[in-house]
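This report is meant for someone meeting the structure for the first time.

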Amino acid sequence: MAAGISDLTDATFDEEIKGSAEPVLVDFWAEWCGPCKMITPVLEEIAKEQAGKLRIVKLNVDENLEVSRRFEVMSIPTMILFRDGEAQTRIIGAKGKQQLLQDLHPYLTP
């Protein structure tokens with residue numbers, strides 16, 4: 001597990017997303033996905049810097065088909081930002097830190 005980032009499963013997803021006081025960025029990934037591995041250090045940095053404003057969690061699409069299908073994740077990495085239990089925005093593909101922060105900024109807790 002990456003530093004500052006927790007893992008979700010089909011069983012824990014709804015409770016964790018709906019019970020979070022801050023926005024939650026869910027990284028849909030798989031072990032065999034090269035771009036998914038490339039983005040992990042970027043997500044670790046953001047998780048550390050945005051602690052208290054944003055939670056970052058990972059969900060392995062190979063092990064958690066129910067949630068992956070529910071949110072129609074067709075390619076990975078896909079990141080979906082949830083606020084108040086609702087999907088707010090979807091980011092597809094590996095991006096650099098500044099681009100990710102720019103995409104997330106409107107949803108971060110002040």
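In this predicted model, E16 forms a salt bridge with R55, and the closest N and O atoms of the two residues are 2.9 Å apart. The pair links distant parts of the chain, since E16 belongs to helix α1 and R55 to strand β3, 39 residues apart. With a relative accessible area of 31%, E16 is partly exposed.

Side chains of opposite charge can pair when their charged atoms come close. Under the rule applied here, the count comes to seven salt bridges, and the table gives three of them, including the pair already described.

| Salt bridge | Closest N and O atoms | Relative accessible area of the Glu residue |
|---|---|---|
| E16 with R55 | 2.9 Å | E16: 31% |
| E45 with K97 | 2.9 Å | E45: 38% |
| E49 with K97 | 2.6 Å | E49: 45% |

K97 is the partner of E45, with the closest N and O atoms 2.9 Å apart. Because E45 lies in helix α2 and K97 in helix α4 (residues 97-104), this pair ties together parts that are 52 residues apart in sequence. K97 also forms a salt bridge with E49, and as E49 lies in helix α2 too, that pair ties together parts that are 48 residues apart in sequence. Elsewhere, salt bridges that share partners join D14, E66 and R70 into one network.

Most residues other than glycine have a negative phi, and most peptide bonds are trans. The peptide bond from I76 to P77, however, is cis, with omega near 0 degrees, and P77 has its place in the loop between α3 (65-70) and β4. That loop between α3 and β4 is also the place of E72, whose phi is positive, near 50 degrees, and which is exposed with a relative accessible area of 57%. D84, found in the loop between β4 and β5 (86-92), likewise has a positive phi, near 55 degrees, and counts as exposed at 67% relative accessibility.

Finally, D7, E31, D62 and E63 form a negative surface patch, in which E31 has its place in the loop between β2 (24-29) and α2 (34-49).

Terms used: Residues are numbered from 1 along each chain as its sequence is written. This is a predicted model: local features need pLDDT of at least 70, side-chain atom pairs count only at pLDDT 80 or more; totals for chains, interfaces and linings use all residues. Side-chain values use heavy atoms; hydrogens and water are left out. Patches are made of residues with over 30% relative accessible area and no salt bridge: like charges are joined within 9 Å, nonpolar side chains (Val, Leu, Ile, Met, Phe, Trp, Tyr) within 5 Å. Accessible areas come from the Shrake-Rupley method with a 1.4 Å probe; for residues, only the protein chains shown count as cover. A salt bridge is a side-chain nitrogen of Lys or Arg within 4 Å of a carboxyl oxygen of Asp or Glu. Lys and Arg count as positive and Asp and Glu as negative; His and the chain ends are not counted. The place of a charge is taken as NZ of Lys, CZ of Arg, CG of Asp or CD of Glu. Helices (H or I, at least four residues) and strands (E, at least two) are DSSP runs, numbered from the N terminus. Buried means under 20% relative accessible area, exposed over 50%, partly exposed in between (1.4 Å probe, protein chains only).
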